[in-house]
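Hello,

Here is the structure I said I would pass on. My notes come after it.

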2 protein chains.
Amino acid sequence: MPVSLPLLGEPPRERSDAARNRESLLCAARRMVEAEGVEAVTMDALAEEAGVGKGTVFRRFESRAGLMAALVNDFEIDWQEAVLSGPPPLGPGAPPLDRLLAMGRSRMELNLTHAQLMEAAGWELTQGAAAHSFIAMHVRHLLGELEVRGDLQVIATVLIAPLAPAVIQQQVEHEGLDLDRIHAGWADLVERVVNG
Amino acid sequence: MPVSLPLLGEPPRERSDAARNRESLLCAARRMVEAEGVEAVTMDALAEEAGVGKGTVFRRFESRAGLMAALVNDFEIDWQEAVLSGPPPLGPGAPPLDRLLAMGRSRMELNLTHAQLMEAAGWELTQGAAAHSFIAMHVRHLLGELEVRGDLQVIATVLIAPLAPAVIQQQVEHEGLDLDRIHAGWADLVERVVNG
DNA sequence: GGTTCAAGCGGACCGGGGTCCGGTTCTATT
DNA sequence: AATAGAACCGGACCCCGGTCCGCTTGAACC
């Protein structure tokens, strides 16, 4: 009979070989993305590159989207870190409006840079929810400080929607706009909301 | 020697059997979507249901996304018709702000109703461009009538982004908001832009 | 009606995502 | 150290989107 019940908050630790494989897979994936682009990262090719079986890849990451999400997660963590405790105006210390505008700019750049990766990660749906909820919370907070009235939950979502990877990519690659102009338009709208 | 050169504007008409197969495939696809949902529409299953070979399906519609786009296109045509010449406030005859708000509401409903179909059609990227450009033009036009100052191209895109199927679906299905509330938030933002 | 040939047709085939299960390896317990 | 059993491993297998190519058919001109 087991002496200690498994604690709820303590998932049974990952075995050492499993951890090794996870690292190996993530490294291989990053290498392949860097060298040949996102589309070249086939689950079979990745397994071979990392020297493991295909089943292992799926065991670790559930799906291709899950793998891509794990890659995106690194950037996401760094970005959230920068927002929560980095230097102003993105981080704390600057006036709320400046922080909001800096957030938009920074997010546009991040989403444009990793648009393909995010799309492959099924961004709009699964993982997007987590990232979205962080950004939405941040934006609601800033809107609150700016004493904006109204349904902040919906307003935050509406302000965030134009930052989506597909939207930015569409404007940059098919409409020939540059980030400065896009951001200026978005900032214009934000200011009207705040001053309205 | 051919008596008449093929006129440039006149693509060599579709053969009758080809036209028959196209209709047959579209009908079968609509039936399957209705009965079993979008995901059940496999290219193999569709071919069998329509009584044609798989190659024919791809000849007609290029890809699964192309097929879905063809299905979406019907609704899209009707909607554009309603905007261009339907009854107010969506169609012409109402004040610009009323038309703009009605457009948002109507589009939200359309996008929510056909969210799965639109996603399967690769909405955000290919076909989305055509639909987007119609909506964007319409919104720019209304913003112009409302004498809104600024970069109308970018502002229009920013106002349209929150209407995207994925965004609406996310709010309705994962955040438990209803369309009335979402539309109210969007309308709030639009009014601030117009009055700002 | 006969001839011609581009257009259409269809199913065998391929590559990639995802599943499964028998064999192997790690770790907790004694 | 030995044992047991859970976690892990890997590759054969399945399904689906997409391609290819040899055969068929429709239509336009004689």
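The notes cover the helix packing, the relation of the chains and the DNA surface.

This is a predicted model, in which local features need pLDDT of at least 70, side-chain atom pairs count only at pLDDT 80 or more, and totals for chains, interfaces and linings use all residues. Residues are numbered from 1 along each chain as its sequence is written, with chains lettered from A and ligands numbered from 1 in the order in which they are written.

In chain A, the axes of helix 1 (residues 16–36) and helix 2 (residues 43–50) come within 9 Å and cross at roughly 115 degrees. Axes are lines fitted to C-alpha atoms, for helices over the stretch in contact, and angles run from 0 to 180 degrees between N-to-C directions; helices are DSSP runs (H or I, at least four residues), numbered from the N terminus. Helix 1 contributes A:Ser24, A:Leu25, A:Ala28, A:Ala29 and A:Met32 to the contact, and helix 2 contributes A:Leu46, A:Glu49 and A:Ala50 (C-beta atoms, placed from the backbone, within 7 Å).

Chain B can be laid on chain A by a turn of 180 degrees and a shift of 0.0 Å along the axis, with an RMSD of 0.1 Å (least squares on C-alpha atoms of residues with pLDDT of at least 70 in both). That is the relation of a two-fold axis. Of the interface residues of chain B, 100% are also interface residues in chain A, so the copies meet through the same surface.

DNA strand D is surrounded by 24 residues, the closest being A:Val52, A:Gly53, A:Gly55, B:Ser16 and B:Gly55 (near: C-beta atom, placed from the backbone, within 6 Å). Helix 3 of chain A gives the largest share of that surface, four residues.

Regards

Key:
Helices (H or I, at least four residues) and strands (E, at least two) are DSSP runs, numbered from the N terminus. Two residues are in contact if their C-beta atoms, placed from the backbone, lie within 7 Å.
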